Amino acid sequence: MEPGLYIVATPIGNLEDISRRALRVLESVNSIVAEDTRITRGLLGKLGVKIPKLFSYTDFSNSNVVDQVLSGISNGLSIALVSDAGTPVISDPGYRLVLAAQLAKYKVIPIPGPCAAIAALSISGLPTDKFLFEGFLPEKRPARLARLSALCQERATLVLYEAPHRLKATIADCIEIFGGNRKSFLGRELTKLYETVFLSTLLDLQSLVDADSNQTRGELVLLIAGFRGKSSDLSPELSQLAEKLSEDMSKKRVSVLLAEYSGLTRREIYDHLIKTSAK
Ligand code: SAM
């Protein structure tokens, strides 16, 4: 094997999704750097790959692991990086290690394969010409709402990874910020036995998970269609705030205040208030 760092994608549920190249690389490298060595040992066992030297690595590991990998490559070794499932570095450890190898001018070789985000996008029926990989939203609600508000007028399809116990809260927050009619897609347990998918509005998705708690189990990718309105449209949250404030303030004052806060122009907010007060 040519010396270097091989970034090897592994299955996200179905063992048959390992590529022939990934198998060959995993069988041939001098060592494997893994997110969790127990999980990787189990995977290699199931794939029938003889188990080479395994090191554990997370982006919080001390820099010794990075140094060890770099010095290994400089001594002619080939080293693979794998995560527990899917493509390493994508919402998984590896960024610091890849950066260090790139800066040291070593070869970093992609061995592409499964990735939950791409699997979900490929079957969702939502536009994929532009998508924004957001990964995991912040856990704390205020930060999550702030992030969603910032994404409210994003035109690309949003790709979120979500933990089962947070799915309901995230859907509720998405409805609050994007409105319940926004199209969404939930891909659950993709490539696994209990794979389920659902394409509809956020409100329908909320009804689905409220009616059947099984829909919140397992591994989940949530896609949200991009914003389809005019860019000057206010988000439901901002519109509500503007209307509330204008009960006690002039429209002009509200427009000045919210223009600073939202990134929209004063004119856009003022026009919105005129439109809504005329209704
Ligand atoms: N690097 C991985 C990849 O390439 O997709 C992602 C790792 S991230 C730590 C794990 C998250 O990916 C899960 O919480 C879930 O949101 C998503 N995920 C992983 N496997 C999945 C699957 N089989 N079905 C749906 N989502 C999955």
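**Exercise 1. Which residues is Val197 in contact with, leaving aside its neighbours within four places in sequence?**

Solution. Contact means heavy atoms within 4.5 Å. With neighbours within four places in sequence left aside, Val197 is in contact with Ile123, Phe185, Leu186, Gly187 and Leu190. The model is predicted: local features need pLDDT of at least 70, side-chain atom pairs count only at pLDDT 80 or more, and totals for chains, interfaces and linings use all residues. Residues are numbered from 1 along each chain as its sequence is written, and side-chain values use heavy atoms, with hydrogens and water left out.

Val197 lies in strand S9 (residues 196-201); helices (H or I, at least four residues) and strands (E, at least two) are DSSP runs, numbered from the N terminus. Ile123 is 74 residues away from Val197 in sequence, while their C-alpha atoms are 8.8 Å apart in space.

Last, assign the exposure class. Buried means under 20% relative accessible area, exposed over 50%, and partly exposed in between (1.4 Å probe, protein chains only). Val197 has 45% relative accessibility, so Val197 is partly exposed.

**Exercise 2. Is Asp173 buried or exposed, and in which helix is Asp173 found?**

Solution. The relative accessible area of Asp173 is 2%, so Asp173 is buried. The residue is found in helix H7 (residues 167-178). Apart from neighbours within four places in sequence, the contacts of Asp173 are Arg141, Arg144, Leu145 and Leu148.

**Exercise 3. Describe how H7 and H8 pack.**

Solution. Two packed helices are described by the angle between their axes and the distance between the axes. Axes are lines fitted to C-alpha atoms, for helices over the stretch in contact, and angles run from 0 to 180 degrees between N-to-C directions.

Step one: the axes of H7 and helix H8 (residues 202-211) cross at roughly 160° and come within 10 Å.

Step two: angles under 35 degrees count as roughly parallel, over 145 as roughly antiparallel, 65 to 115 as roughly perpendicular and the rest as oblique. H7 and H8 are therefore roughly antiparallel.

Step three: the crossing of H7 and H8 is left-handed, where left-handed means that the near helix is turned anticlockwise from the far one by less than a right angle, and right-handed that it is turned clockwise.

Step four: H7 contributes Leu167, Lys168, Ile171, Ala172, Cys174, Ile175 and Phe178, which meet Leu202, Leu203, Leu205, Gln206, Val209 and Asp210 of H8. The classes in this contact of H7 with H8 are ten nonpolar, one polar and two charged residues (Ala, Val, Leu, Ile, Met, Phe, Trp, Tyr, Cys and Pro count as nonpolar, Asp, Glu, Lys and Arg as charged, and the others, Gly among them, as polar).

**Exercise 4. Which residues of H9 are buried, and how does H9 pack with H10?**

Solution. In helix H9 (residues 236-245), the buried residues are Leu238, Ser239 and Ala242. Seen down the axis of H9, these residues fall within an arc of 100° (taken from the directions from the helix axis to the C-beta atoms), so they line one face of the helix. Gln240 and Lys244, on the other side of H9, are exposed.

The axes of H9 and helix H10 (residues 251-262) are 10 Å apart, at an angle of about 155°. H9 is therefore roughly antiparallel to H10. Their crossing is right-handed. Leu238, Leu241, Ala242 and Leu245 of H9 make the contact with Val254, Leu258, Tyr261 and Ser262 of H10. Seven of the residues in the contact of H9 with H10 are nonpolar, one is polar and none is charged.
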